[in-house]
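Please look over the sequence and the three-dimensional structure shown here before reading on. The paragraphs after it may be followed with both in view.

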Amino acid sequence: IDYWVSEPDEGQTHALIKGFEVAAGNVLGWLCSDDLLEPTAAREVLDYFAGQPDVSFVYGDACWIGRDGRFLRWKKEIPFNRFIWVYDYNCIPQPSACWRRDLYRAVGGLRKEFDLAMDADLWARFARRTEPRHVRRAGLDHVAEAADEPGVAVGVDPHEVLGRVEAVGREHLLAGHLVEAGHQAAAAQLQLAHLAGRHLLA
């Protein structure tokens, strides 16, 4: 670890912004406290960028693991499709997404006003400048803490429910319809039920 700080901040997005300001690398990404990179993931991402100079934003698959670290299931993703991403399914897992520093700077970086959907807002602005590239082997272990709880559908991430954000994030998707941001709580509950049913039937 080259740099570490513990100090007050204005929320997780503000903390991430401060981290990216001091980061020294040309390839960026972040992990939450319950995410783990696979041993070869960082090397694979760097090699991929080195061999694909035209690619600025890449994301991979993920796998769900339990609290004890045991494998639960793969979280296979699809190549980027803007319509699907906006109107149905967030196919870009934040922990397995990486991008070039110049792309991050070009779009203005993370926006502090987003506390949960800051990743989806960033992806939307990235996608206006470059095509997100899905790579099957740019992966990591994504810890789903709720996965061991009875009655919870493995693979349903409430953050993804709130992550259907386009442009300034004032509209959220709910079962194929856009609703105003003032209805976020109800929208999240209904969309979560929709996703849970879909995963349980799969």
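Residues are numbered from 1 along each chain as its sequence is written, and side-chain values use heavy atoms, with hydrogens and water left out.

The protein contains seven helices and eight strands; these are DSSP runs, numbered from the N terminus, with helices (H or I) of at least four residues and strands (E) of at least two. Of its 202 residues, 46% are buried. Here buried means under 20% relative accessible area, exposed means over 50%, and partly exposed lies in between, with a 1.4 Å probe and protein chains only. The protein exposes about 11000 Å², of which carbon and sulfur atoms supply 56%; such areas come from the Shrake-Rupley method with a 1.4 Å probe, and for residues only the protein chains shown count as cover. Among contacts with a separation of 6 or more, 71% join residues 24 or more positions apart, where contact means heavy atoms within 4.5 Å.

How confident is the predictor? The average pLDDT of the protein is 73, and 67% of the residues score at least 70; pLDDT is the predictor's confidence in each residue, from 0 to 100. Among the elements, H4 has the highest mean pLDDT (97), and strand S7 (residues 171-174) has the lowest (34). Over residues 143-184 the pLDDT stays under 50, and the model has 106 contacts beyond four places in sequence for them. Residues 189-202 also have a pLDDT below 50, with 22 contacts in the model beyond near neighbours in sequence. Where pLDDT is low, the predicted coordinates should not be read in detail.

Which elements cover the buried residues of H5? Among them are H1, S3, H3, S5 and H4. Ten of the twelve residues of H5 are buried, so this helix is largely enclosed by the rest of the structure. The buried residues run from Met118, Asp119, Ala120, Asp121 and Leu122 to Trp123, Ala124, Arg125, Phe126 and Ala127. Not counting residues up to four places away in sequence, Phe126 touches Phe57, Trp99, Leu103, Tyr104 and Val107. The length of H5 can also be checked: at 1.5 Å a residue its twelve residues should span 16 Å, and its end C-alpha atoms are 17 Å apart, which agrees. The expected span is 1.5 Å times one less than the number of residues in the helix.

Gly109 lies in the loop between H4 and H5 and counts as buried because its relative accessibility is 2%. Leaving aside neighbours within four places in sequence, Gly109 is in contact with Tyr104, Leu122 and Arg125. The C-alpha atoms of Gly109 and Phe20 are separated by 8.7 Å, although these residues are 89 residues apart along the chain. Thr130 is found in the loop between H5 and strand S6 (133-143), and a relative accessible area of 16% makes Thr130 buried. Thr130 touches Ser56, Phe57 and Leu103, not counting residues up to four places away in sequence.

Finally, the cysteines may be considered. Cys63 is buried at 3% relative accessibility, and Cys91 is buried at 0%. A search of the whole structure finds zero disulfides, a disulfide being a pair of cysteine sulfur atoms within 2.5 Å.

Methods:
This is a predicted model: local features need pLDDT of at least 70, side-chain atom pairs count only at pLDDT 80 or more; totals for chains, interfaces and linings use all residues.
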